[in-house]
Amino acid sequence: MNIVIFGPPGAGKGTQSKFIEKKFNLYQLSTGEFLRKETLKKTSIGNKISSVINSGSLVSDEIVSDLIEKIISDSKYKNRIIFDGYPRNLNQAKNLDNLLNKYNQKIDLVLKLSVSLETIKKRISERRALEKRPDDNENVAIKRYQTYEKSTEPVIEYYKKLNLLKVVDGERSIDQISIEISDIISSI
Ligand code: AMP
């Protein structure tokens with residue numbers, strides 16, 4: 001099956017995607033991780049990506065779409081992808097539909113981790129101490145949250161109308177969230 005996971009920055013979508021990947025033998029496609037790797041290469045495109053990420057905005061749809069198609073078209077990953085961080089706006093959601101269609105696949109489940117802004121601020125300051133992500137300071141985190149509300153929330157509505165959406169309370173412990181997600185996946 002193919003799963004899309006949503007959540008504001010700091011909601012734990014990376015952590016939960018890794019859990020699902022292991023438990024259900026799926027493949028975690030994290031566009032954020034891929035983009036961060038690009039920035040380490042210090043190429044001109046890498047530097048551009050870096051400044052966009054550190055401003056809390058979204059990287060251009062084209063850059064991310066190329067990556068997505070590489071994975072979707074690869075038979076190794078057929079019907080076993082967790083989309084972690086994609087789609088992030090309606091244009092990307094339509095693009096994802098088209099690409100999945102092209103390779104005879106579909107989305108089976110959309111998960112949303114819901115978390116308050118207060119919790120996000122707390123988690124991001126904790127993560128900053130551990131991972132040292134340059135976009136994890138409070139101002140950029142607030143901007144990322146605003147980008148999420150403005151560009152990504154409409155995508156969640158889009159999947160809700162298609163009856164694919166399950167909302168999970170992301171305020172609880174990692175283990176409690178994993179158990180609920182696991183039950184949801186097992187039931188479809
Ligand atoms: P994440 O690790 O998912 O929190 O992503 C970190 C940053 O990478 C985001 O704040 C965006 O700047 C960028 N990014 C990740 N995924 C996408 C995407 N699908 N489209 C555009 N930008 C993205």
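This is a predicted model: local features need pLDDT of at least 70, side-chain atom pairs count only at pLDDT 80 or more; totals for chains, interfaces and linings use all residues.
View 1. You will find asparagine 25 in the loop between α1 and β2. Take a look at its backbone too: phi is positive here, at about 55°, although asparagine 25 is not a glycine. As background, most residues other than glycine have a negative phi.

**View 2. Lysine 42, another loop residue with a positive phi.** Here we visit the loop between α2 and α3, where lysine 42 lies. Its phi is about 60°, a positive value, although lysine 42 is not a glycine. With a relative accessibility of 64%, lysine 42 counts as exposed. Keep lysine 42 in mind, as it is also one of the residues that line the second largest pocket.

View 3. Follow the chain from tyrosine 86 to proline 87, and you meet a peptide bond that is cis, with omega near 0°. Proline 87 belongs to the loop between β3 and α5 (90-102). For comparison, most peptide bonds are trans.

**View 4. Strand β1 and its two neighbours.** Strand β1 (3-6) pairs with β3 (residues 81-84) in the parallel sense, over three bridges. In that pairing, valine 4 stands opposite phenylalanine 83 of β3. β1 also runs parallel to β4 (residues 109-114), and four bridges join these two strands. Here phenylalanine 6 stands opposite lysine 112 in β4. Are the side faces of β1 covered or open? Both faces are covered. Ile3 and Ile5 are buried on one side, and Val4 and Phe6 are buried on the other.

View 5. The whole structure holds three aromatic pairs. In one of them, the ring centres of tyrosine 158 and tyrosine 159 are 5.3 Å apart and the ring planes meet at 70°, so the pair is edge-to-face. Tyrosine 159 counts as buried because its relative accessibility is 1%, and buried means under 20%.

**View 6. The largest pocket.** Rolling a probe the size of a water molecule over the atoms shows where empty space is left. The largest pocket found in this model has a volume of about 1100 Å³. Which residues lie nearest its centre? They are Gly10, Lys13, Arg127, Arg133 and Arg144, out of 48 residues that line the pocket. The elements that give two or more residues to this lining are β1, α1 (13-24), β2 (27-30), α2 (31-40), α6 (117-131), α7 (138-161) and α8 (174-186). Of these, α6 gives the most, with six residues. By class, the lining has 17 nonpolar, 17 polar and 14 charged residues.

**View 7. The second largest pocket.** This pocket has a volume of about 180 Å³. Its lining is made up of Arg36, Thr39, Leu40, Lys42, Asn47, Ser50, Ile53, Asn54, Pro134 and Asp135. Which elements give two or more residues to this lining? They are α2 and α3 (44-53). Sorted by class, the lining residues are three nonpolar, four polar and three charged.

Notes
Residues are numbered from 1 along each chain as its sequence is written. Side-chain values use heavy atoms; hydrogens and water are left out. On a 1 Å grid over the protein atoms alone, a cavity is a set of points where a 1.4 Å probe fits but cannot get out, and a pocket is an open set with protein on both sides within 12 Å along at least five of seven lines; lining residues have an atom within 4 Å of a point. Grid points are joined across faces, edges and corners, and a volume is the space filled by probe spheres set on the points. Ala, Val, Leu, Ile, Met, Phe, Trp, Tyr, Cys and Pro count as nonpolar, Asp, Glu, Lys and Arg as charged, and the others, Gly among them, as polar. Rings of Phe, Tyr and Trp (its six-membered ring) pair if their centres lie within 6.5 Å; planes under 30 degrees apart count as stacked, over 60 as edge-to-face and the rest as tilted. Buried means under 20% relative accessible area, exposed over 50%, partly exposed in between (1.4 Å probe, protein chains only). Two strands pair if DSSP finds at least two bridges between them.
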